[in-house]
Amino acid sequence: MHKLALLLALPLVAQTAPVPDKFFFDTGKVRVLILTGRNNHEWRVTNPFLREVLQNSGRFDVRVTEEPSGLTAETLRPYDVLISNYCGPRWGVQAEKAVADFVNGGKGLVVVHAGSYPFGETAVLSEHMGRTGVYQAPWHEWGLMVGATWSDAEPKTGHGPRDAFEVVFQDRQHPVTAGLGERFVTSDELYRNFRLKPGIHVLAQGRDKPLIWTIAYGKGRVFHTALGHDLDAMHTPGFIATYARGTEWAATGAVTLPARIDTDSKDANAVRVLLVTGGHDHESSFYGVFEKWRDVRVNVDPHPVPFRSDMRPKYDVLVLYDTLQLEQLSDKARQNLKDFAEAGKGILVLHHAIADFSAWEWWWKEVVGGRYVLKAEPGYPASKYLHDVELVVTPKPGHAITKGLPQMRLFDETYKQVWHRPDVQVLLTGEHPTSDVELGWVSPYTKSRVVYLQPGHGRESHELPWFRTLVHRTILWTAGR
Ligand SMILES: [Zn+2]
Ligand SMILES: [Zn+2]
């Protein structure tokens, strides 16, 4: 067939029919588009934080564009609010008109820190606090939307050295500031000598300089904060609260978010984990495994101090990533560990913790169901290890911990001749000449739920989502969740 005829035969209707947004956005959430990609500030570092604060609050569905110059009325249509974390050259007539029409038509705009700088009469700024020396014709509507512009004429708009100061609320009844108290302390750049536009409503000042304000643009709502120079400034609870609540207000005209926006909130009924390290070195990346889960709260207590008091009231699950021998435990510590194991709790023995307590047969034979044999004994040949092995690990189906997990490639340490009971329920198997086949199991111990997972030596496993999922699921399962 002729090429042209082939093209004409394509069903054009199918290509142009609009697909409803509901298939791509969370229902009931405020739709946010963050504009960035050029900034004299470290936008590659700050933008993920600006996004995460909103996303983690549960109120927003957030997208990011690093090329705002490509915006059109059509690409902006699904959104409720735009956030500018942008300071760079102009976007061009089409994108600028689309943004102005978006706000003018009744949507929201949030401007963060240097977002007030561009499109005025000052020179375009470049990456890493650089200057281009290039001047572009001003885009006056942006200044009207933001409520202020910068000027190089005296008194010059700018800031002194970054330092700590108080931000004092001027209007404590506004939806954004209500319930936030009188003031907060931050360490930031304090912008001064803005050329303010009529109609701004100041919500907060620092050393009597207006920093946070709102302004109407057509039917739209604009929230401006001069704060947020870098991640240190952004981590201030006062910045987070005003930024997140200001975004909700700009989008909807109301605020439902709490006064304190927790950036790492844990569920009220999160599983309480005691993580025990010590006796064996490891990379710090190990702690990253436990940081982000909302349903698990982890305390680290390294040797020689854990087990010194009764762990039963405080913890649901014990995670061992230590290597310790029985003679290093006091009688009281042994008893506390025994009490915990017999109390119907959860125990996860990770990687080198399989070498714990060789002289405590009850521990390795009854509780863990296996042992790394440090020195050969009659009936127990010595176990061996090898670092930096690439191996394939296969999860065994039929258990909640491994359900649906794929076969994985690991770069880890392998163990060989680790003794284990014949009646453990195997969770993972590995294929490598230097490795045992059984790489993880559920112990037959009945008084608590006990699991051993062999992988986890170094960063290559600690940072692997598959490994983190395995540890997460094991903690939840041993806690009875
Ligand atoms: Zn700055
Ligand atoms: Zn190791």
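Where in the chain is the place of Asp26?

1. **Asp26 and how to read the model.** Asp26 sits in the loop between helix H2 (12-16) and E1. Helices (H or I, at least four residues) and strands (E, at least two) are DSSP runs, numbered from the N terminus. This is a predicted model, in which local features need pLDDT of at least 70 and side-chain atom pairs count only at pLDDT 80 or more, while totals for chains, interfaces and linings use all residues. Residues are numbered from 1 along each chain as its sequence is written, and chains are lettered from A and ligands numbered from 1 in the order in which they are written.

2. **Buried or exposed?** Asp26 counts as exposed because it has 12 C-beta neighbours inside 10 Å. The cut-offs are these: a residue is buried if 20 or more other C-beta atoms lie within 10 Å of its own, exposed if 12 or fewer, and partly exposed in between, with C-beta atoms placed from the backbone. Along the chain, Asp26 and Arg59 are 33 residues apart, and their C-alpha atoms are separated by 9.8 Å.

3. **The nine-stranded sheet.** Follow the order E2-E1-E3-E4-E13-E12-E11-E8-E9 and you have walked across an open sheet of 9 strands with mixed pairing. Its edge strands, each pairing on one side only, are strand E2 (60-65) and strand E9 (183-188). From one strand to the next, the twist averages 20°. Two strands pair if DSSP finds at least two bridges between them; E8 (residues 163-169) and E11 (residues 201-206) have 3 bridges and pair in the antiparallel sense. Look for Phe169, whose bridge partner in E11 is Ala204.

4. **Helices on the sheet.** H5 packs on this sheet, touching E3, E4, E12 and E13, and its direction makes about 110° with that of E13. Helix H8 (residues 237-252) packs on the sheet too, and its direction makes about 170° with that of E13. For these angles, axes are lines fitted to C-alpha atoms, for helices over the stretch in contact, and angles run from 0 to 180 degrees between N-to-C directions.

5. **One side of H5.** Ala95, Ala98, Val99, Phe102 and Val103 are the buried residues of H5. They lie on the same side of H5 because they cover an arc of only 125° around the axis, taken from the directions from the helix axis to the C-beta atoms. After H5 comes Gly106, with a positive phi near 115°.

6. **Two cores.** A nonpolar core is a set of buried Ala, Val, Leu, Ile, Met, Phe, Trp, Tyr and Cys residues joined through C-beta atoms within 7 Å. The largest has 65 residues, and those with the most contacts inside it are Val32, Val81, Ile83, Leu109 and Val222. H8 gives the largest share of this core, 8 residues. Apart from it lies another core, of 55 residues, including Phe286 and Tyr415.

7. **Strand E24 and its partners.** Of the 5 residues in strand E24 (residues 449-453), 4 are buried. E24 runs parallel to strand E17 (residues 346-350), joined by 5 bridges, and Gly346 has Arg449 in E24 as its bridge partner. With strand E23 (residues 438-442), E24 runs antiparallel over 3 bridges; here the bridge partner of Gly440 is Leu453. E23 and E24 form a hairpin, with 6 residues between them.

Terms used: Contact = placed C-beta atoms within 7 Å.
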